[in-house]
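Here's a walk through this structure, one piece at a time. Keep the model open and follow along.

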Amino acid sequence: MLLLPLLLEATLLQLASGSHHPFYNGFYYNHVMNDKGNGHEKVDYFNGAKLVVETPRDPIYSLSGANATLPCRYRFEPHQEGKRKIRIKWSKLRDDYTKEQDVLVAIGKTYMAFGDFRGRAHLRQGGRHEASLVVSDVRLQDDGKYRCEVIDGLEDESDVVDLRLQGVVFPYQPPRGQYRLNFHEAERACREQGALIATFSQLFQAWSEGLDWCNAGWLADGTVHYPIRLPRKPCGGLHLAPGIRSYGPRHRHLHRFDVFCFSSALRGEIFYLERPAGLTLEEAKQACQDAGAEIARVGHLYSAWKFLGLDRCDAGWLADGSVRYPIAKPRANCGPPEPGVRSFGFPSKGRFGVFCYKER
């Protein structure tokens, strides 16, 4: 807070001069030099009320393509009457709470949004002392922490809101095989599958919901982890409790692992195409195009399985050349007894159906 140093400065000046300045209508004041450099003093007044900014402690949950409101309100203690020229600033933060990007700045009803938030972000007009941010058409990259900052003259207070997208985390390795991706290749691999590289909090949530995977994968902060629900010898040993195993930060260029990707709700629909004799990968791509769609990506299939309950015991091609099928209701001849997306890997030959994706 800027107010305390200013009050201390005012007190020291009073003591030095041997005089005592009275409070003036609830404001502190202090003699400071003006900007003209002529030796004359001007009087600056500082609000004696404390500015308080409040946001919810619990995360705000949303879905890809939906609208989300990040609540933020401010007040003065004691209460102040009359209008004030308040400046509101929203920023998106990294996990370490350092600023990642500007989102929006507003003074009164005038505001400006920045970057990817231009045209999608505005303040909610819910009455006095309202500073809540509304984000429309939520995107995968919107997931994260946001700082609501309220500026009243020289006083500046802020608080943080956590926006979390409901989604699904899936492990991914490329056709070349296990542990072939450095960090930058891992980021690109997730984007190519209609997803983003997962954060630790997203992986932790997936583990709490049952994700168990013994291969280590990159996360968004450059660390490498893998989630274990059932301890076993090849996955850290039997003596360790269930949890997220960590390799810590790794060299982003030299070290190679798999990757955990994150996808949210679909903006379109997935459907399955088949032919009596099956389809090669190239025939599958063409079949989807002929149907006015594109061949689905891995992230699309996981999202449809997670959010739409897609259940199909027939294997189908995906855009990366893998063959998979989603099972929401486990049954005989459809793989393990748990729900999930089954994989046949990346067959170089064979004829299968295909999963197609059509944007709404």
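Strand E12 is mostly covered, with eight of its nine residues buried; buried here means under 20% relative accessible area, exposed means over 50%, and partly exposed is in between (1.4 Å probe, protein chains only). This is a predicted model, where local features need pLDDT of at least 70 and side-chain atom pairs count only at pLDDT 80 or more, while totals for chains, interfaces and linings use all residues. Residues are numbered from 1 along each chain as its sequence is written, and side-chain values use heavy atoms, with hydrogens and water left out.

So who sits beside E12? On one side, strand E7 (residues 87-93) runs antiparallel to E12 (residues 144-152), and seven bridges join the two. Within that pairing, Ile88 has Val150 as its bridge partner, and Lys92 stands opposite Tyr146. E13 also runs antiparallel to E12, with nine bridges between them, and there Arg147 stands opposite Val160. The hairpin of E12 and E13 has two residues between the strands, and Gly153 takes a positive phi near 65 degrees in it.

Zoom out and you'll find six strands in an open sheet, in the order E4-E13-E12-E7-E8-E9, with mixed pairing. Two strands pair if DSSP finds at least two bridges between them; the strands themselves (E, at least two residues) and the helices (H or I, at least four) are DSSP runs, numbered from the N terminus. At the edges stand E4 (60-62) and E9 (110-113), each with a single partner strand, so one side of each has no neighbour in the sheet. From one strand to the next, the twist averages 25 degrees, with axes as lines fitted to C-alpha atoms (for helices, over the stretch in contact) and angles running from 0 to 180 degrees between N-to-C directions.

Now for the helix side of things. H5 is mostly covered too: eight of its ten residues are buried, among them His300, Leu301, Tyr302 and Trp305. Their cover includes E14, E19, strand E20 (268-273), E23, E24 and strand E25 (353-359). After H5 comes Gly309, with a positive phi near 65 degrees.

E14 gives the most, with six. In total, 37 residues line this pocket, and Val169, Pro171, Leu211, Tyr302 and Trp305 lie nearest its centre. About 1,100 Å³ of space lies in there.

One more stop: Asp320, in the loop between strand E22 (316-317) and strand E23 (323-327). Is Asp320 buried or exposed? It's buried, with a relative accessible area of 14%. Leaving out residues up to four places away in sequence, Asp320 touches Tyr172, Pro175, Gln193, Val298 and Phe346, where contact means heavy atoms within 4.5 Å. Asp320 and Ile295 are 25 residues apart in sequence, yet 9.3 Å apart in space, C-alpha to C-alpha.

As for the whole protein chain, there are five helices and 25 strands, and buried residues make up 44% of its 360 residues. Of the contacts between residues at least 6 apart in sequence, 57% join residues at least 24 apart.

Conventions
1 Å grid on protein atoms, 1.4 Å probe; cavity = no way out; pocket = protein on both sides within 12 Å on 5 of 7 lines; lining within 4 Å. Points joined across faces, edges and corners; volume = space filled by probe spheres on them.
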